[in-house]
Amino acid sequence: DIRAMRNSHPLFVMASSLPPGEECFGPAYGSNDPSSHAYYDHIYSHLKATSFESTIRQGSVEIVPPQTFPHTSTDEDIALLHVLSLTSYTAKQRVNDTAKLVPRDGSGIYGFTASNGFIMGMHHFNNGIGSVVPEIEGINRTCPIRLVHTNYDTESSQTVALDTFNRDYIKNLDRPPGAVFGAWRSAVSVPLAVLTGTRGIPQFSPLSTSTELDDTVQYRLFSRVIPSDAGTARAAVGYFRKRLDASFLGVLYVNDSYGSAFHQAIQEAAAEREEGDQIEVKGYTFSYGANVNFDTSEIELAIKQLKESRFRVFFGVFYSEHYDIIMNYAYEYGIVGPEYLWVISDGLSLSYFQNKKYDVGSPLVVASQGIGLLRAGGGRTTEDGRTGYDRFTNAYFNQDGDAANQTNCKRPTFNSQNDDSVYYVAQPDFFRAKTLAPGASGAFSFDTAVGIGLAACRLFEEKGTDYFNGKELFDSFVNTEFDGATGRIQIDPKTTSRSVQSAFFVLYNSIGVLDKTGESISIELELASHTTAVADSESSEMAWVNFPGKVYRYADGSTEPPLTIPPKIGENLNQISLGLQVAVYMMMALIFIFSIGFIVWTYWNRKTRIVRASQPFFLYMICIGTFIMGSAIIPISVDDRIASIEDCSLACIFSPWLASYGFVIAFSALFSKTWRINQIFHHPQLRRVTVNIKDVIVPFLILLGLNTIVLICWTAISPLKWERVHTDARDDFGRPLDSTGRCTVENNKSLPFVVLLLIINMAVLLLANIQAYQARTITVEFSESKYIGIINASILQAGIIGGPLLVIAGSEPSAFVLTAVGGIFVICMSMLLLIFIPKMKYLQEWKKKRFSSRSGSNVSGIKVLNNPRGDDYELRQLKFQIEASKVEKSETSRKMELLRQALASRGIEMDDLLETTEVTLLPNENESFQDNRV
């Protein structure tokens, strides 16, 4: 008793047998009412039973004259377009070692809702109901096309689908179907599309998404209102990259037309992204099998390979019948749970988890919590009900018992196992009770039916009663646009698939819900995120946003995504060590101490003859210059261990400024000193030449000005920036294992400024060494020119050796810092020590002599001997020293007189000369006075 069975289930019941034909098409179900669901199917069934005696076949339609049936109210012909529906209700699975036909998604709801969406679309079109699609409002009054269909179950099998089509085609060879609706699985649609194309029959699929079907040459009459997997792949890759910041993705896919093409689409979508924003994809496959001999070892091997990849984010492209097997293996190999994320394609039905309960802590509970289901969405519902999907769901739930009966009557009438118990029967109030949402499958099926009807009516407007063939209907469908249940329907003419820009993608989030007993958990799906791409947009980039008030919850229950790859073990940053920084700061401290100390010493002894002879101003310049140059050690030794990237970049900019300014200030004093000596003693006429501070400061200002101009241009045009540069050493995920932080330039724009600074300062350094060489024969008091020459030579040697070393050590921060700081330390200390230590020594000796001369006489002017008693030997020695001193004094006086006369003959007063230049000339120990020409 079918009625008793219906009453035994709150939603729907399985049918043990089909009801008699009159129960589907008799008066009790309103088949005599043109507004009923079954009316036009009733007409077509009757015509078919009478071998179409009263109709005319024209093109792809059956012309029915007016008043053919007593209940028809039209006075014009109607054209019935027969659509062969090949849907996927069931699939074969292994049950107790036998191949048994079971509902494809475990419950049969998937096929039920999709089929009803197509029936509802035909009903709206046939009766001009525009509540969902405004374009078809009243279309039944202007267009004679009416849609009818015959429904078959493909059993998710290529063989069954092809056999069913051929059997129907051959049986009705003179009246083949005008179009084919389906199939659902891409693996079925691919061979079917080849066959329908050769028969000249257009095929329109609501759910097949394989990118292989984008080949318009191979599948010339295939189109679909759902985007291909290429679009879904771009959406998926965008989600993984933008929302999860994933750079690595493992893909587990079934090796059929659907899975292989989807995997290829993900590879291409990942590679198409800009450099630095790409994802590395590794795919692992297994063969499809749902029969009794299905071997799961390939799935286990693929899961094992996923484990070995060490990835944490996986994308699954497989079917509902594979889910339990895959997730059990994934649990066994430890790649599910809080540290992992699985996102699965539309091969897994949204109704798969319905009415299922799992034991707490079972492998499938652990594996199923926090997974994502990503697919092209049927549309988005809003509070104000303005979207096409809002209108579709409202109309769907407002259907009455007549719609439920039509769905029941249109279920398949047979299958390969002659078992109709796998098909469900809806109760009359099924829709209005809102017991089951139509889902995306229902929405896409609805739009497919409406699209076929609109394409046919468009051809009627163009051709009139000269009706169309299959190719013309296909072309019209591809060029038809309308606002459907799933949004703006736009078909890309290049692929004859739904354009990505007009599609809507969603991500469902699985949530484990504990029942009241606390012993079992059910898995519920919640909409979490969707894309924001819009129709007519030229960009294929899709942004993901959360649904209002929704967040994605991962396996651990948190909203924080897991790491996409294992944590990084560690990177050798090659930072400047604490020990090296202490060492270079100690060098800097010595430079500061000596610079400040010598400034204090110079000021304290500024009135002594030794300091006056060297001029305190120049000594101050040397100390200030070395202090500034030494301070360059601070920015040179800075890296990201102790400072931010911004501070490190500032340090890069300040380093050349401090080093250059310090060098210029200190070196200008040495250069001016040598230049003064040569100006005086190499004058052609050896006339009186007065050189004061104002004159010798000119070289300093010129050198400082040139350096300042170059540094300002360098800083303004191409400033140095600190950045971390990674070497080629990488781990398995391409993450750097070794890097160095250093100052870098952009496209070598800084190179001209570096070269200019080197040319300017090296030229002056060479000139200073030439000046020192020219002054080598001049003996100056306290041997100052000799020490200046040594300093100049030391600086030149440091530059020649240190420059190449800096270039070589540029990639090694510690070596670079040590070389640069070492060079600065050598230059500064050589200046300070070679200039000041001899002066301090001379000053100390002078003080000793003064003290000795004073302590050797008493107040009466009588010499006091060290040995008061004395003896003859000591007296003789003292007398000899006195005589020798008299001789030396006489000789010195004679030479001084000769010098005075020689200078006087040239108009130079010797006293004025010595007072002006504060340089005391001494005869060379190895040459005669006359040869020295002074």
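Student: Where does Glu-155 sit?
Tutor: In this predicted model, Glu-155 is in the loop that runs between strand S7 (145-153) and helix H5 (158-171).

Student: What is its phi like, positive or negative?
Tutor: Glu-155 has a positive phi, about 60 degrees, although it is not a glycine. Ser-156, found in that loop between S7 and H5, also has a positive phi of about 60 degrees and is not a glycine either.

Student: Buried or exposed, Glu-155?
Tutor: The relative accessibility of Glu-155 is 4%, so it counts as buried, because buried means under 20%. Ser-156 is at 4% as well and therefore counts as buried.

Student: Changing topic. Which peptide bond is cis?
Tutor: The one from Gly-182 to Ala-183, with omega near -10 degrees. Ala-183 is placed in the loop between strand S8 (179-182) and H6.

Student: Now H8. How far apart are its end C-alpha atoms?
Tutor: They are 22 Å apart. Helix H8 (residues 257-272) has 16 residues, so at 1.5 Å a residue it should span 22 Å, which agrees.

Student: What caps its N-terminal end?
Tutor: Asp-256 does: one of its side-chain oxygens lies 3.2 Å from the backbone nitrogen of Tyr-258.

Student: Which residues of H8 are buried?
Tutor: Tyr-258, Phe-262, His-263 and Ile-266 are among them.

Student: And what covers those buried residues?
Tutor: The cover includes helices H6 (186-198) and H7 (229-243), along with strands S11 (248-254), S12 (280-286) and S13 (313-317).

Student: How many helices and strands does the protein have?
Tutor: It has 27 helices and 26 strands. Of its 934 residues, 51% are buried.

How values were computed: Residues are numbered from 1 along each chain as its sequence is written. This is a predicted model: local features need pLDDT of at least 70, side-chain atom pairs count only at pLDDT 80 or more; totals for chains, interfaces and linings use all residues. Side-chain values use heavy atoms; hydrogens and water are left out. Helices (H or I, at least four residues) and strands (E, at least two) are DSSP runs, numbered from the N terminus. The expected span of a helix is 1.5 Å times one less than its number of residues. Buried means under 20% relative accessible area, exposed over 50%, partly exposed in between (1.4 Å probe, protein chains only). Contact means heavy atoms within 4.5 Å. A polar contact is a pair of N or O atoms within 3.5 Å; within protein, one must be able to donate a hydrogen and the other to accept it, and residues adjacent in sequence count only if both atoms are side-chain atoms.
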